[in-house]
Each structure stands twice: as C-alpha cells, then as structure tokens.
Amino acid sequence: MSGRGIRLWLGLVTLALMLAALYMIFVYVPTEAEQGIVQRIFYFHVPCALVAFVAFALVAIAGVFYLWLGQQVWDDLGYAAAETGMVFCTLVLVTGSIWAKPIWGAWWTWDSRLTTTLILWLLYGGYLMLRAMAGDSEQGARFGAVVGIVAALDVPIVIVSVRLWRTIHPAVLVTRQGGHGLEDPRMVATLLVSLAAFTTLFIWILCLRFATLRMHTRLGALARSLALAEAAAQDS
Amino acid sequence: MASFAARSFVAVLRKDLLLEVRGGQSTVALGALSLLVLVVLVFAFNPAGGERGAAAAAGALWVALVFSGMLGATRAVSGESENGCIRALLMSPLDRAALYAAKLAAAFIFMAVAEAASIILMVLFFNLEFDLRVMRLAPAVMLGALGFAALATLLAGISSRLRGGDLVLPLLAVPMFVPALIAGVKASAAALAGAPLGEFAVWLKVLVAFDVLFVAAGYLLFEYVAGEE
C-alpha cells in the first residue's frame, strides 16, 4: 500500500475511533459521583498526556539515529514528533486547567505533575524555536538532534527534583489526583477506547507531518541540483 | 596518548585564562551583572532579614547565577568566533571533547569567581551574618555553577552559530536548568536556615546527578555542535 493509502486508512480509523470515544465519554460512561460532570475531561486529558510523552521520547530516539546514521529521514521524523507532541502537551495543560478550576478551586497549582508537564512544554517549545531559527539546514537538523537528546536526558531528573520539591513542602490541594478510582468497568472501557482513538490520531497527524517534511526535503534537494545544473550550463 | 587530550585541554584553557588576566573582562562583567541582579531583587522583594530574608537571599543568589552563567558561557564560546579563532581551533587536530572540556572549565572558573563575589554581596545586601551557614552555601553554588556551565557551554556552541541565536540560549538553558535550580535554591535555603545536614544533602545529590549527566552529555555531544562549516 502506498503512503497515501496508509494515511487515508489511518484517517478513517481515527475518525471511527474518535466518534466511538466521544459517544462513550458523553453518553455511555456514568458520571463520577464525587467530581461530577467535569471528570469526563479526564478521558481526553490522560490519552493526550501519554501521547505527548511518547512523542517526546520519539524526538530523542530519532535524534540518536540521526547523529548515528546521518540520514535526513530521522530528522524529519524527530521534527514531526516534536511538533505533534507539542500540540498534545498543550492540550494536556489546557484540559488539566479546565478540570482543576472546579475541583481544586484554581486554574493552576504547582503540583509535581503540573510543574513537570509545564517544564516539558517549555523544553520542547525551546526546541521548536531553535528549529524555526535554524531553518532547514543540515546544521539545524544536527542542533535539533542534540537538543532533543539533551532534553530527554533532562526529563527524569526534572521529575525527581520536582517530586522532591513538592513532597518536602506539600501543597494543600494536591493530595487527590483525579481519576484514580475507576471503579466502574464502563469507565475503564471508555478510557481504553479514548486511548486508542488518541493514539491513532497521533500516528495519523505524525504521518501527515512526516510526509510533508519528506516532501520538503526532496524539494530542497531538487532545487539544489537544479541550481547546480544551471550554474554548470552557464559555465559551459 | 592520553597526554595529547590533556595537553590540548590545558593549552586551550591556558589561552582563555591568559586572555582574561591580560585585560579580558568576562569575570568583571559577570560580577557586575550578578551585582545588578541582586540589587534589582532587593528592590523587588524588599527583604526584611530573618527567616524570610534568608529564603529570598537564596533565591536571589540563584537568579544571579543563571544570568551570569548565560553571559559566561556565551563569552567563552562566542568570543572565539569574533576573530575566526573558532575555525582555527576546529581545523587543528584538537579533540572536540577536549575543546569542550576546556571551554567548560573556563566558563566554570569565570562563574565561580562571580559566584564567590555574589555570595559576599548577598550577605551584605540581605543583612545576613558571615558564619558557618554561609560557608555551607559554597558546595551547592559551585555544583550549580558547574552544571550551568556544562549545559550553557554546549548550548552556546549552538546559539553562537545561529543568526539571532542569543535568544535561543536562555530559551533552552533555563528550562533545562530547572532541576538544578530547584535543588540549588532548596539547598541554599536549607543551609542559610541552619537546617540539619540531611535535608541539605538530598539536594546536593540532585545537583551532583545533574552535573554528572550534563557534563557527560556535553562531552559526548559537543562534537556534533561544533561540526564543520
């Protein structure tokens, strides 16, 4: 199957799963007793967070392969993963804030997970700024790979330090994380379908972005060889 | 042949230190910047001394460290490209990792001098006492300076080669430095408050882990940053 065919099928599967997830979230799943209706955002929030983590891990893996093998494919993959991951990471922060306002009484608290997610968002925001400034040069790809690897190395130590920071001086509001008590099997089913929907959505967007970047790379190579041919024709 | 790497490290470091001693202004600029940051923070927080004053002082010290670190690493790395010296360094048979180590050492030395000065200034501005508690700041601040120098030297290698790159360095370095910043501020506040050593040691461990990770990462990855062209 061609790349285009794969992307079409991925899109259709994502559409079907997303419709099923929406139905389950808004109609099928029972309302959580303590938190009420706002708890339903959890079925968006958690899959987005997982997908964002996977995307950022992918940036680092692609970075290692790019530095090792020097093939442009790896950089296109890493760049696409960083952009896609950034979208989902933003969604995590936004949906989290919407949930936190009625439950915790504040849009934002410096809870360890929130802080870690914000740092992640800043890290990969910096990565995207760097890529935008470097333009599409071989140098930009190399710098992107280095920063992607260093950022991923930073993540575990960010998690540890933020957790220590918060356990030594615990905030009042952070004792209960939402969604830990999924007693009802319908809740588990909804979460699983939602996870599947967001995973395919991520893969689909990633494939689209990756294909665009591949095209961009090929176009750049063509333009360069055209310029070379023209220069040679003028010389002779 | 380990001696070749060691000799090139010493040669580059010696060059940087000589430049500094014979009228370079890095340390002076770093110290002045730290002074300004502390003054600004005194105006911003109007500290009253005592327990809260000590916590504010610890925070101010680390803000000064981040700012002076950015300047220090930029000067150590981009100073080379001003007269094309970086090209000569890259053309020489010098090992890239040794070059990184030398640049890191230079940035660390400049920062360490500036930090020592800002610890003294902090005690004066925030009405603290020169005693054992202030001495206990030294390991935390030096570990923080080493970590920031390691991170910023690697990133300055990137930012110095991009147009408009001066913006990139803080955008990348500050979020990456967050773990060391948390640990450093906490360790310093614990030291100044005279907290038991155990509380202080937890944060020192985080700082050591950060330093090991970023010195190793910079040492291995600098090769790709200071590539050809």
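Predicted model: local features only at pLDDT ≥ 70, side-chain atom pairs only at ≥ 80, totals over all residues.

Me: How many helices and how many strands does chain A have?
Reply: From the N terminus on, the elements of chain A run α-α-α-α-α-α. The count for chain A is therefore six helices and zero strands.

Me: What does the C-alpha trace of chain A span along its principal axes, and what share of its residues count as buried?
Reply: The trace of chain A spans about 80 × 45 × 25 Å. Chain A has 236 residues. Buried means under 20% relative accessible area. By that cut-off the buried share of chain A is 46%.

Me: Among contacts in chain A with a separation of 6 or more, what percentage comes from residues 24 or more positions apart?
Reply: Contact here means heavy atoms within 4.5 Å. Of the contacts in chain A with a separation of 6 or more, those between residues 24 or more positions apart account for 80%.

Me: Where is Asn127(B), and is it buried or exposed?
Reply: Asn127(B) has a positive phi of about 55° although it is not a glycine. Most residues other than glycine have a negative phi. Asn127(B) sits in the loop between helix H5 (96–125) and helix H6 (132–135) of chain B. Its relative accessibility is 59%, and the cut-off is over 50%, so Asn127(B) counts as exposed.

Me: How many residues of chain B are in contact with chain A, and what area do the two chains bury between them?
Reply: On the chain A side, 29 residues take part, in contact with 33 residues of chain B. Carbon and sulfur atoms carry 81% of the buried area. The area buried between chain A and chain B is about 2,700 Å².

Me: Which three residues supply 20% of the area that chain A buries against chain B?
Reply: These three supply more than any other three residues of chain A. They are Met133(A), Phe143(A) and Ile157(A).

Me: Which helix gives the largest share of the side of chain A that touches chain B?
Reply: Between chain A and chain B there are zero salt bridges. One residue pair is in polar contact, both at pLDDT 80 or more. H4 and H5 (138–168) of chain A each supply at least two residues of the side that touches chain B. The largest share, 18 residues, comes from H5(A).

Me: Which residues have the most contacts inside the largest nonpolar core, and what does Phe177(B) touch?
Reply: The largest nonpolar core has 124 residues. Those with the most contacts inside it are Tyr124(A), Met122(B), Phe148(B), Leu155(B), Ile158(B), Phe177(B) and Leu192(B). Leaving out residues up to four places away in sequence, Phe177(B) touches Trp62(B), Leu65(B), Val66(B), Gly144(B), Gly147(B), Phe148(B), Leu151(B) and Phe210(B).

Me: How many residues apart are Glu83(A) and Arg209(A)?
Reply: Their side chains meet in a salt bridge at 2.3 Å, N to O. Glu83(A) is in helix H3 (residues 72–104) and Arg209(A) in helix H6 (residues 185–235) of chain A, so the pair links distant parts of the chain, 126 residues apart.

Me: Why are Arg142(A) and Glu138(A) separated by about one helical turn?
Reply: The side chains of Arg142(A) and Glu138(A) meet in a salt bridge at 3.1 Å, N to O. Arg142(A) is buried at 7% relative accessibility, whereas Glu138(A) is partly exposed at 45%. An α-helix has 3.6 residues a turn, so residues three or four places apart point the same way. The separation is about one turn because the two residues are four residues apart in helix H5 of chain A.

Me: Which residues join Lys15(B) in one salt-bridge network?
Reply: Lys15(B) and Asp16(B) meet in a salt bridge at 2.8 Å, N to O. Lys15(B) is partly exposed at 26%, and Asp16(B) is buried at 8%. Through shared partners, Lys15(B) is joined in one network with Asp16(B) and Lys103(B).

Technical notes
Residues numbered from 1 in each chain as written. Chains lettered and ligands numbered in written order. Heavy atoms only, no water. Core = buried A, V, L, I, M, F, W, Y, C linked by side-chain atoms within 4.5 Å. Buried < 20%, exposed > 50% of the residue type's maximum accessible area, 1.4 Å probe, protein only. Buried area = accessible area lost by both parts, 1.4 Å probe. Salt bridge = Lys/Arg side-chain N within 4 Å of Asp/Glu carboxyl O. Polar contact = N/O pair within 3.5 Å; in protein donor to acceptor, adjacent residues only side chain to side chain.
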